[in-house]
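Me: I have a sequence and a model open on my screen. Please take me through the structure, one question at a time.

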Amino acid sequence: MTTTFPDISINTDRLVLRPYEEADIPAFVEMMNDELVTAWTSVTHPYTRSHAEDWVRRIAPAERVEGRGIVLAVTEFLTQRLVGTIRLRGTHWRTLATEVSYVTAPWARGEGYATESVLAVAQWLFRDRKFERMELRTPADNTAAQQVAQKIGCISEGVLRNAWIARTQTESGEWTDMRTDLIVWSLLPEDLEGVADQMAEAGYSSYTDWS
């Protein structure tokens with residue numbers, strides 16, 4: 001049984017999802033130091049170039065090679081600019097289930113890139129890799145992440161109470177931890193039926209191909 005994902009590139013009309021490259025490091029550092037990324041993720045803060053180099057050169061490739069998942073840089077097709085990252089992790093090969101997480105750069109928000117990239121990965125995951133479940137967990141107050149889950153057809157399954165540590169910034173500019181709930185969302189192959197057409201009608205680019 002296959003226990004690793006292939007070295008893949010996924011294209012939509014506007015985006016290219018591909019493995020990270022050395023040239024992505026400066027933009028990745030800037031993206032991971034954004035206030036919303038610091039608030040809602042467990043990323044190290046401040047996030048340095050050394051952290052990014054370790055991510056691009058060692059951690060991200062190892063996720064795929066060692067069978068835990070896959071990490072892809074999300075870039076604009078026309079400009080090749082890094083606009084986000086998407087990751088499949090905690091992959092269970094026997095049950096064909098995995099968890100998706102993503103980050104969008106502050107300069108790229110409001111364009112539908114997160115929704116477009118997560119949908120593209122889901123289509124590839126279900127149609128090409130024959131997976132049966134994709135899971136998404138969102139902090140209770142992160143409404144933007146919840147909207148992405150809803151747009152691609154995810155079903156809310158419940159709440160993991162007090163299961164996550166988010167961060168909030170004090171008046172002095174320091175970051176402090178705060179506990180919060182996680183909402184668990186799931187997407188199954190049948191949930192995708194009609195979603196791409198609905199998104200196209202709403203003005204989102206559609207999935208095209210992978211290689």
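Me: In which strand is the place of Thr85?
Reply: This is a predicted model. The side chain of Thr85 reaches the backbone oxygen of Leu72 at 3.4 Å. Thr85 itself has its place in strand 4.

Me: Is Thr85 buried or exposed?
Reply: Beyond four places in sequence, Thr85 touches residues including Tyr20, Phe28, Met31, Val71 and Ser101. Its relative accessibility is 9%. Buried means under 20%, so Thr85 counts as buried.

Me: Which residues have the most contacts inside the largest nonpolar core?
Reply: This core has 38 residues. Strand 2, strand 3, strand 4, strand 5, helix 4, strand 6, helix 5 and strand 8 each supply at least two of its residues. Those with the most contacts inside the core are Ile86, Leu88 and Met134.

Me: What is Met134 in contact with, leaving aside its neighbours within four places in sequence?
Reply: Met134 is one of the residues with the most contacts inside the largest core. Its partners include Val118, Ala122, Leu125 and Phe126. Others among them are Leu88, Thr98, Val100, Ile152, Trp185, Ser186 and Leu187.

Me: How many residues are in the second, separate core?
Reply: Tyr20, Val43, Val56 and Ala73 are among its members. The second core has 18 residues.

Me: Where does helix 3 bend?
Reply: Helix 3 runs over residues 49–65 and has 17 residues. From first C-alpha to last it reaches 23 Å, close to the 24 Å expected. The bend is about 45 degrees, and it falls at Trp55.

Me: What covers the buried residues of helix 3?
Reply: The buried residues of helix 3 are Ala52, Trp55, Val56, Ala60, Ala62 and Glu63. Their cover includes helix 1, strand 3 and strand 4.

Me: Which residue with a positive phi follows helix 3?
Reply: Its phi is near 85 degrees. The residue is Gly67.

Me: What is omega for the peptide bond that joins His45 and Pro46?
Reply: Pro46 has its place in the loop between helix 2 and helix 3. The bond from His45 to Pro46 is cis. Omega is about -5 degrees.

Me: What is phi of Gln80?
Reply: Gln80 lies in the loop between strand 3 and strand 4. Its relative accessible area is 63%, so Gln80 is exposed. Its phi is positive although the residue is other than glycine, with a value near 65 degrees.

Me: Is Lys130 buried or exposed?
Reply: Lys130 lies in the loop between helix 4 and strand 6. Its phi is positive, near 60 degrees. Its relative accessible area is 52%, and the cut-off for exposed is over 50%. Lys130 is therefore exposed.

Me: What is the relative accessible area of Thr138?
Reply: Thr138 is found in strand 6. Leaving aside neighbours within four places, Thr138 is in contact with Ala145, Gln146, Asp181, Leu182, Ile183 and Trp185. Thr138 is buried, with a relative accessible area of 1%.

Me: With which side chain does the side chain of Ser186 make a polar contact?
Reply: Ser186 lies in strand 8 and is buried, at 5% relative accessible area. Residues that Ser186 touches include Arg133, Met134, Cys154 and Glu157. The polar contact spans 2.8 Å, and the partner is the side chain of Glu157.

Me: What separates the C-alpha atoms of Ser186 and Glu157?
Reply: The two residues are 29 residues apart along the chain. Their C-alpha atoms are separated by 7.0 Å.

Me: What radius of gyration does the protein have?
Reply: The protein has six helices and nine strands. Of its 211 residues, 47% count as buried. A compact globule with 211 residues would have a radius near 17 Å. The protein agrees, so the value is 17 Å.

Key
Residues numbered from 1 in each chain as written. Predicted model: local features only at pLDDT ≥ 70, side-chain atom pairs only at ≥ 80, totals over all residues. Heavy atoms only, no water. Helix = DSSP H or I, 4+ residues; strand = E, 2+ residues; numbered from the N terminus. Expected span 1.5 Å × (residues − 1). Bend = angle between axes of the 7 residues up to and from the residue. Buried < 20%, exposed > 50% of the residue type's maximum accessible area, 1.4 Å probe, protein only. Contact = heavy atoms within 4.5 Å. Core = buried A, V, L, I, M, F, W, Y, C linked by side-chain atoms within 4.5 Å. Polar contact = N/O pair within 3.5 Å; in protein donor to acceptor, adjacent residues only side chain to side chain. Rg over C-alpha atoms; globule rule 2.2 N^0.38 Å.
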